[in-house]
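Visitor: I would like to learn how to read a few features of a protein model. Where do we begin?

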Amino acid sequence: MQNSAIEQYMAEVSELVASRLQSAIPAEWTVPETLGSSMKYSLMAGGKRLRPLLVVAAAEALGGSRDAALPVACAVEMVHTYSLIHDDLPALDNDDYRRGKLTNHKVFGEAMAILAGDGLLTHAFYSIAQAGRGYGVPAEQVLAIVEDLARYAGPSGMVGGQVADMEGEQGLTELEQLQYIHEHKTADLIVFSVKAGGRIAAAAEEQLKALEQYGRCLGLAFQIQDDILDLVGDERKLGKKTQSDVKQQKVTFPYFLGLEASRAEVEKLTAAAKAAIGSGIVPHPERLLDIADVLVRRDH
Ligand code: GRG
């Protein structure tokens, strides 16, 4: 069957990102062999490349260049991959599998997995700087992208969301608490991605605001959809157990709202994401609109 235009676009960007990630560390640098292998193992393990896709699509939606967006697209994938490696560690989620493969620490050991995550996080900032070196992104924009990454991935962003999640394991009682976790742990890096794309294209302040709103709604919708897919997958795995058995184990959107209301929330947020950029403020919003539709329909 022929792929749709958006599927082709996503595959094309994903391939480009994968090839840039392969050579992200300059060949003349010396990197200990096991560290390099451990970083590459997780980087190349076959993620959806959603965040890099959003950097590129947002830049192109505002007439920016794909080449200039790619170093930043690679940077956000490095940060995302570091977060997954660390999240899988025994001290956090203690997972054995990620993206259908053994987790980093299962293959390389805990100490190397910690260091591979550290290496990816650090190298992300080098990669962002490259957008200002060979691709003509003005230093002022590069600076703003660096500030945004520290903000959205750091203590007030993704890491803060992860801490709230960890502390919430003692028992969340309010939907607002879960919303806070989702906004920071998941949505913030998505907000970063679309804003960074906008900055590469020298977006005006109101365009950045529109992209931020799109990213926040899309990020929340993405996480709620993840909760739904998780619950439906668990129910399939558990077979005879009922939905309420599963609900007792995981405090997610469906736990608070039920499946149907959670699905409606995903639809509502997706519509809000599309409305934020669809009113003419973003000159070529088509790809970003299509990506929102693809995410709401995804089944994995
Ligand atoms: C350890 C600092 C630190 C942060 C961890 C990202 C994260 C925060 C934890 C991972 C666990 C998780 C389910 C987080 C929610 C965000 C999310 C849905 C991540 C998975 O993103 P996808 O689906 O993954 O884009 P792929 O593998 O496709 O890249």
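Guide: We begin with burial: a residue counts as buried when its relative accessible area is under 20%, as exposed when over 50%, and as partly exposed in between. Keep in mind that this is a predicted model.

Visitor: Take serine 127, then. Is serine 127 buried or exposed?

Guide: Serine 127 has a relative accessible area of 8%, so it is buried. Its place is in helix α6. Leaving aside neighbours within four places in sequence, serine 127 is in contact with Pro71, Cys74, Ala75 and Met78.

Visitor: Glycine 132 is found in helix α6 too. How does glycine 132 count by relative accessibility?

Guide: Glycine 132 counts as partly exposed because its relative accessibility is 35%. The helix that holds it, α6, covers residues 110-133. With neighbours within four places in sequence left aside, the contacts of glycine 132 are Val137 and Val142.

Visitor: How far apart are glycine 132 and threonine 252 in sequence and in space?

Guide: Glycine 132 and threonine 252 are 120 residues apart in sequence, and their C-alpha atoms are 41 Å apart in space. For another pair, take leucine 257 and leucine 175, which are 82 residues apart in sequence and 8.6 Å apart in space, again C-alpha to C-alpha.

Visitor: What does leucine 257 touch, not counting residues up to four places away in sequence?

Guide: On that count leucine 257 touches Leu175 and Ser262. Leucine 257 lies in helix α12, residues 253-257. Its relative accessibility is 34%, so leucine 257 counts as partly exposed.

Visitor: Where is arginine 49 found, and is arginine 49 buried or exposed?

Guide: Arginine 49 is in the loop between α2 and α3. Its relative accessible area is 6%, so arginine 49 is buried. Alanine 202 also has a positive phi, near 55°.

Visitor: What is the place of alanine 202?

Guide: Alanine 202 is in the loop between α9 (175-200) and α10 (205-238). With a relative accessible area of 52%, alanine 202 is exposed.

Visitor: Now helix packing. How are two packed helices described?

Guide: They are described by the angle between their axes and the distance between the axes. Here, helix α3 (residues 50-61) packs against helix α14 (residues 286-297) at an angle of about 150°, and their axes are 9 Å apart. That angle makes α3 roughly antiparallel to α14, because angles over 145 degrees count as roughly antiparallel.

Visitor: Which residues make the contact between α3 and α14?

Guide: From α3 the contact takes Leu50, Leu53, Leu54, Ala57, Ala58 and Ala61, and from α14 it takes Arg287, Leu288, Ile291 and Leu295. By class, the residues of this contact are 9 nonpolar, no polar and 1 charged.

Visitor: The last topic is empty space. What shows where empty space is left?

Guide: Rolling a probe the size of a water molecule over the atoms shows where empty space is left. A cavity is a set of points where the probe fits but cannot get out, whereas a pocket is an open set. A search of the whole structure finds 3 cavities of 30 Å³ or more.

Visitor: What volume does the largest cavity have, and how many residues line it?

Guide: The largest cavity has a volume of about 120 Å³. Its lining has 15 residues, of which Ser42, Ile85, Asp88, Arg98 and Asn104 lie nearest the centre. The elements that give two or more residues to this lining are α2 (33-43), α4 (66-88), β2 (101-102) and α5 (104-108). α4 gives the most, with 4 residues. The lining of the largest cavity divides into 6 nonpolar, 5 polar and 4 charged residues.

Visitor: And what is the volume of the second largest pocket?

Guide: The second largest pocket has a volume of about 430 Å³. It is lined by 17 residues, and Glu7, Met10, Lys48, Val294 and His300 lie nearest its centre.

Visitor: Which element gives the most to the lining of the second largest pocket?

Guide: α1 gives the most to that lining, with 6 residues. α1 (5-22), α3 and α14 each supply at least two residues of it. By class, the lining of the second largest pocket has 8 nonpolar, 3 polar and 6 charged residues.

Methods
Residues are numbered from 1 along each chain as its sequence is written. This is a predicted model: local features need pLDDT of at least 70, side-chain atom pairs count only at pLDDT 80 or more; totals for chains, interfaces and linings use all residues. Side-chain values use heavy atoms; hydrogens and water are left out. Axes are lines fitted to C-alpha atoms, for helices over the stretch in contact, and angles run from 0 to 180 degrees between N-to-C directions. Angles under 35 degrees count as roughly parallel, over 145 as roughly antiparallel, 65 to 115 as roughly perpendicular and the rest as oblique. Contact means heavy atoms within 4.5 Å. Ala, Val, Leu, Ile, Met, Phe, Trp, Tyr, Cys and Pro count as nonpolar, Asp, Glu, Lys and Arg as charged, and the others, Gly among them, as polar. On a 1 Å grid over the protein atoms alone, a cavity is a set of points where a 1.4 Å probe fits but cannot get out, and a pocket is an open set with protein on both sides within 12 Å along at least five of seven lines; lining residues have an atom within 4 Å of a point. Grid points are joined across faces, edges and corners, and a volume is the space filled by probe spheres set on the points. Buried means under 20% relative accessible area, exposed over 50%, partly exposed in between (1.4 Å probe, protein chains only).
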